[in-house]
Structures are given as C-alpha cells and as structure tokens.
Amino acid sequence: MSVTTRYREAWEGFWREAPADRGGVFWDAEPALTVGVHLGLFEPHLTAPGLPLVDLGCGNGTQTRFLADRYPRVIGADLSAAALDHARLADPAGQAHYRMVDAAERAEAETLHAEIGDANVYMRGVLHQCEPADRQSLVDGLATLVGDRGRAFLVELTEAAGGMLRDLARSPGGPPAKLAPVLRHGIAPGEVADAAVPEYLRAAGLVVVASGELPLVTMEFRADGSRIELPSLWMVVGPGRG
C-alpha cells in the first residue's frame with residue numbers, strides 16, 4: 001500500500017463520519033473569517049484573474065462555494081470522494097464544479113491542467129496535513145496547475161502551531177471534540193518546518209510574490225469561550241518563469 005493510498009483512506013474514513021452541517025469540522029470556519037480575508041491578500045497579485053480558480057483540498061466545499069459567488073469558474077478538488085459528496089450536497093445549484101484529484105499524483109494534476117489550462121489556486125492548510133513523502137509531490141502538482149500564468153495562495157500552520165495542537169491533544173479532559181476525529185483517523189496536522197515551505201516551492205519552480213502571518217481560524221473554542229486560532233503563514237506564489 002502506497003503512502004498516498006493510506007492518506008486517501010484516512011481522509012475517506014474521516015469524511016464519512018463528519019457531520020453534514022457546516023461548522024462541525026475543526027477547520028471549517030466561516031468564509032468571512034477565512035477565504036474572505038485571504039482574497040484581500042491574494043487578488044492584488046493576480047495577473048490573470050479570469051483564469052479558472054481551483055480550491056485545492058476543498059473538503060466539504062464551504063470555502064469553494066464562497067469563491068464560486070465571486071469567480072465565474074471554480075473547481076473544488078479533493079482526493080476524498082466522501083468529502084466531495086458533502087460538497088455536492090451542500091451545493092445543490094452546482095455553483096462550483098467538484099473533482100476528485102490527488103495533486104500529489106503527477107498524472108492527476110496534469111490531467112486537470114490539460115482540461116482547464118492554467119489556473120489560480122487557493123490552498124488552505126493542505127501541505128501540513130500531508131505525509132512527508134508526499135509534500136514535494138503536492139507542491140509539484142500545485143505548480144502544474146498554476147502553469148505559466150496562474151498564481152496560488154497558500155496558508156500553512158507555523159511550527160508554533162504544532163506545539164499548540166499537541167497541548168490541545170493532551171488536555172486533561174482529552175482533545176477538543178472537533179479535533180478528536182482528526183487525531184483518531186491518523187490525519188493529525190503534521191509539523192512542517194517554516195523554512196521547508198520555501199524550499200518545496202523553489203524545487204517546484206515557484207517563487208514567492210508576497211507573504212505574511214495570520215491566525216488560522218478554527219471552529220473549536222476554549223473553556224472560556226474564546227475561539228482557538230493557530231498561527232499560520234500565508235504566501236502568494238507564481239511561476240518562476242512567468
């Protein structure tokens with residue numbers, strides 16, 4: 001069994017058990033607090049805003065539907081069929097298109113690019129949930145989708161977020177309710193060194209156009225009622241040849 005197969009099966013199990021209602025998943029925060037904020041950072045750097053927009057690792061499509069209200073052609077891509085079932089059920093009007101794609105598999109990224117051409121890509125919190133052996137392949141797939149004219153917006157947890165997640169997992173009463181299923185299915189967010197992300201991008205032929213720090217908003221709350229937010233890095237990247 002390949003690394004990718006184990007990864008896909010873990011996500012299938014997670015999404016089959018996930019509640020259908022929005023907000024039931026740890027990272028499924030309101031678009032106004034997530035992609036709505038990110039677009040203000042991403043859009044000024046789009047050199048071809050009319051390209052298709054791919055929400056890579058779309059999950060249940062909460063952010064995808066927000067994007068589909070603002071762009072004419074949006075594709076929600078995920079490697080989990082169960083996640084895409086959630087996304088389609090929540091989008092009966094078909095505002096977005098949904099595709100099962102494992103971007104870490106070169107042929108799958110190339111097939112999607114052959115169909116839609118160069119694309120702008122939104123990818124929130126996918127790399128740090130990817131197994132180490134697949135990380136470079138995932139970023140290579142991202143570069144394939146971007147092509148010569150697209151740009152991508154990435155959000156990834158910082159190293160400091162890993163410590164926060166470990167502390168939450170070791171809470172006296174057990175991990176928070178929305179984090180527990182993530183851990184149970186073996187897809188706990190991994191630790192990607194902050195310095196490693198630019199290296200993955202460089203190896204894939206991508207350059208960083210803009211970057212900064214923002215909290216990654218979750219749907220979990222502390223005992224005092226405050227929302228759990230995890231430190232994250234954001235980057236706008238484009239082709240080094242473009």
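The legends below accompany close-up views of a predicted model.

**View 1. Placement of D118 in the loop between α5 and β4.** D118 belongs to the loop that links α5 (106-116) with β4 (120-124). With a relative accessibility of 11%, D118 counts as buried, because the cut-off for that class is under 20% relative accessible area.

**View 2. Polar contacts made by the side chain of D118.** The side chain of D118 forms a polar contact with the side chain of H113, at 2.7 Å, and H113 falls within the range given for α5 (106-116). The D118 side chain also reaches a backbone atom, namely the nitrogen of R149, at 3.0 Å.

**View 3. Residues in contact with D118.** When neighbours within four places in sequence are set aside, the contacts of D118 include L51 and P52, together with H113, whose side chain is also the polar partner at 2.7 Å.

**View 4. The cysteines C58 and C130.** A search of the whole structure finds 0 disulfides. For C58, the closest cysteine sulfur is that of C130, and the separation of 16 Å is too far for a bond, since a disulfide requires sulfur atoms within 2.5 Å. C130 is likewise in no disulfide, its nearest cysteine sulfur being that of C58. C58 is buried, with a relative accessible area of 7%, and C130 also counts as buried, at 5% relative accessibility.

Key:
Residues are numbered from 1 along each chain as its sequence is written. This is a predicted model: local features need pLDDT of at least 70, side-chain atom pairs count only at pLDDT 80 or more; totals for chains, interfaces and linings use all residues. Side-chain values use heavy atoms; hydrogens and water are left out. Helices (H or I, at least four residues) and strands (E, at least two) are DSSP runs, numbered from the N terminus. Buried means under 20% relative accessible area, exposed over 50%, partly exposed in between (1.4 Å probe, protein chains only). A polar contact is a pair of N or O atoms within 3.5 Å; within protein, one must be able to donate a hydrogen and the other to accept it, and residues adjacent in sequence count only if both atoms are side-chain atoms. Contact means heavy atoms within 4.5 Å.
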